[in-house]
Amino acid sequence: MLKHRVIPTLLIKNEGLVKTYKFADPKYVGDPINAIHIFNEKEVDELIVLDIEASKANREINFSLIEKIAGECFMPLCYGGGIRTLEQAQRLFTIGVEKICLQTAVFDNLDIISELAEKFGSQAILLSIDIKRNWYGKPEIYSAARKKTIKEPWKEFIENAILAGAGEIVLNSVNNDGTMLGMDFELIEEVSKDVSIPLIAIGGVSSLDDIKKATDVGADAVGVGAFFVFHGKHRAVLITYPNYHELEKLWIQE
Amino acid sequence: MKMNGQVIVIPELKNGNFASVIKMVNKNGGNAVLSSSPSSLKYADKVILAGVGSFDYAMKAINDEWIDPLNFAVFEQKIPILGICLGLHIMCKDSEEGELPGLGWIDAHVKRFKFNSEDNLKIPHMGWNTIEVIRNNPLLDRDVGEQRFYFAHSYYLECNDVEDIISVTDYGSSFASAIRRENIFGVQFHPEKSHRFGMSLINKFINFES
């Protein structure tokens, strides 16, 4: 039976591992190679690594760091951050990244998805979409790089990306990010209704039960940041990942 | 002139992501040689066919230069060869993903997953799934408890000869997740992305003696 993936989601800024709070105040957490080494030992299902600076600072991708990261992984690695061209994508695949994740480039040009999907295969091209609920609680697309919401209706945006050839959707909740106070389950449920491709939900995981609930409401996989990186109410840095049997148990009472 | 350790030639078909395969081969005592030149097959102890993209794209790349040397290596020299995902697909007769014929080494057709909406199954089949080994073979142990691997595909094999199938996996219905015909091996999943399970398979492949 196909398992639900539980995916540590790591943020990189200036070569360091950071953790944000509601997409702001990145706090330095440690050395990314070290964290990935630990996750690799723990045999995690998959890894997502996002460079949160690259698009914002209009910087080139840090290929040498990513190559070192890829060198540590014997499970699928997804990278996002600053990808705009086919050449960058090709270089990422060559150094050992299995999937790439795009956001900012897609706002500027939806066709980049079809170009990439045609060349590298849909399953390797992921759309990253961050949703922020406004004062009325209504979901809006948020551009992490430009720090503002995008006017385009989010349902249409996702549908278009799927039609263009995106292989998976990475859905993050800005309001819940880093809070460890629970996920936006209503949002996950609503998005999953329209999405015919695998959906990875991220943002706010506070317990293994949250992970199960996210898949109950329609997520195929769950990305986890703070919950695997911090421990205790003082948020001390501790890299953890549940063992295989703990995860198996979560879904056994189906 | 024999090099130390098994020389595993990986044909560099364009657009490939070979880094993970190379890493895993080297970690298991093999000498991974990524080559864009078919003459490298002369030195191969074994061959791994990997790659991403689409069926026709891969077949075009093979037809350009590799097809004759590969056929010679596989059928005359009987060099063990392992096809991974798309590498497995191109060993078949044809694929719904493309127009070109495959290598035809395996009596199978590659079909696209088709599900009813009630099945609630997404395409691609993406993530960790278990395999059931149904035939003794050199790459996968039988009766050792759960074995799981990473799958990422929208197309699967429909084998005409069940004797070719060494493991099956459930997604909607049962499909062949690993095949073998003499020195030709193929896996639908990605051993290079399946940590210790993949390591075991690659290790066995490297050490396999026909």
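This briefing covers the chain contact, the nonpolar core and selected helices, strands and loops. The model is predicted. Chains A and B meet through 28 residues of chain A and 26 residues of chain B. The largest nonpolar core holds 150 residues. In chain B, eight strands form an open sheet with mixed pairing.

**Contact between the chains**

- Three helices of chain A each supply at least two residues to the side that touches chain B: α2 (63-72), α3 (86-94) and α5 (111-120).
- That side of chain A is made up of 13 nonpolar, eight charged and seven polar residues.

**Nonpolar core**

- Among the 150 core residues, A:Leu47, A:Ile100, A:Ile169 and A:Leu171 touch the most other members.
- The top contributor to this core is helix α2 (residues 55-76) of chain B, which gives 10 residues.

**Strand β4 of chain A**

- Strand β4(A) spans residues 47-51, and five of its five residues are buried, so the rest of the structure largely encloses this strand.
- A:Leu47, A:Val49 and A:Asp51 point one way from β4(A).
- A:Ile48 and A:Leu50 point the other way, and they too are buried.
- Strand β1 (residues 5-13) of chain A runs parallel to β4(A) and is joined to it by four bridges.
- In β4(A), A:Leu50 is the residue opposite A:Leu11.
- β5(A) also runs parallel to β4(A), again with four bridges.
- Here A:Ile48 stands opposite A:Cys78 of β5(A).

**Helix α3 of chain A**

- A:Ala89, A:Leu92 and A:Phe93 are buried in α3(A).
- These three residues lie on the same side of α3(A), because they cover an arc of only 95° around the axis.
- The cover over the buried residues of α3(A) includes α2, β5 (77-80), β6 (99-102) and α5 of chain A.
- Just past the helix, A:Gly96 has a positive phi of about 115°.

**A:Gly165 and its loop**

- A:Gly165 sits in the loop that links α6 (154-164) to β10 (168-173) of chain A.
- A:Gly165 counts as partly exposed because it has 18 C-beta neighbours inside 10 Å; a buried residue would have 20 or more.
- Leaving out residues up to four places away in sequence, A:Gly165 touches A:Ile113, A:Ser114, A:Ala117, A:Ser122 and A:Ile125.
- A:Val224 is 59 residues from A:Gly165 along the chain, and their C-alpha atoms are separated by 25 Å.

**Sheet of chain B**

- The strand order in this open sheet is β2-β1-β3-β4-β13-β12-β11-β8.
- β2 (30-35) and β8 (132-133) of chain B stand at the edges; each has a single partner strand, so one side of each lacks a neighbour in the sheet.
- Strands β1 (residues 6-11) and β3 (residues 46-49) of chain B run parallel and are joined by two bridges.
- B:Val9 has B:Val47 in β3(B) as its bridge partner.
- Helix α1 (residues 19-27) of chain B lies across β1, β2 and β3 of chain B.
- This helix runs at about 155° to β2(B).

Definitions and conventions. Residues are numbered from 1 along each chain as its sequence is written. Chains are lettered from A and ligands numbered from 1 in the order in which they are written. This is a predicted model: local features need pLDDT of at least 70, side-chain atom pairs count only at pLDDT 80 or more; totals for chains, interfaces and linings use all residues. Two residues are in contact if their C-beta atoms, placed from the backbone, lie within 7 Å. Ala, Val, Leu, Ile, Met, Phe, Trp, Tyr, Cys and Pro count as nonpolar, Asp, Glu, Lys and Arg as charged, and the others, Gly among them, as polar. A nonpolar core is a set of buried Ala, Val, Leu, Ile, Met, Phe, Trp, Tyr and Cys residues joined through C-beta atoms within 7 Å. A residue is buried if 20 or more other C-beta atoms lie within 10 Å of its own, exposed if 12 or fewer, and partly exposed in between; C-beta atoms are placed from the backbone. The arc is that of the directions from the helix axis to the C-beta atoms. Two strands pair if DSSP finds at least two bridges between them. Axes are lines fitted to C-alpha atoms, for helices over the stretch in contact, and angles run from 0 to 180 degrees between N-to-C directions.
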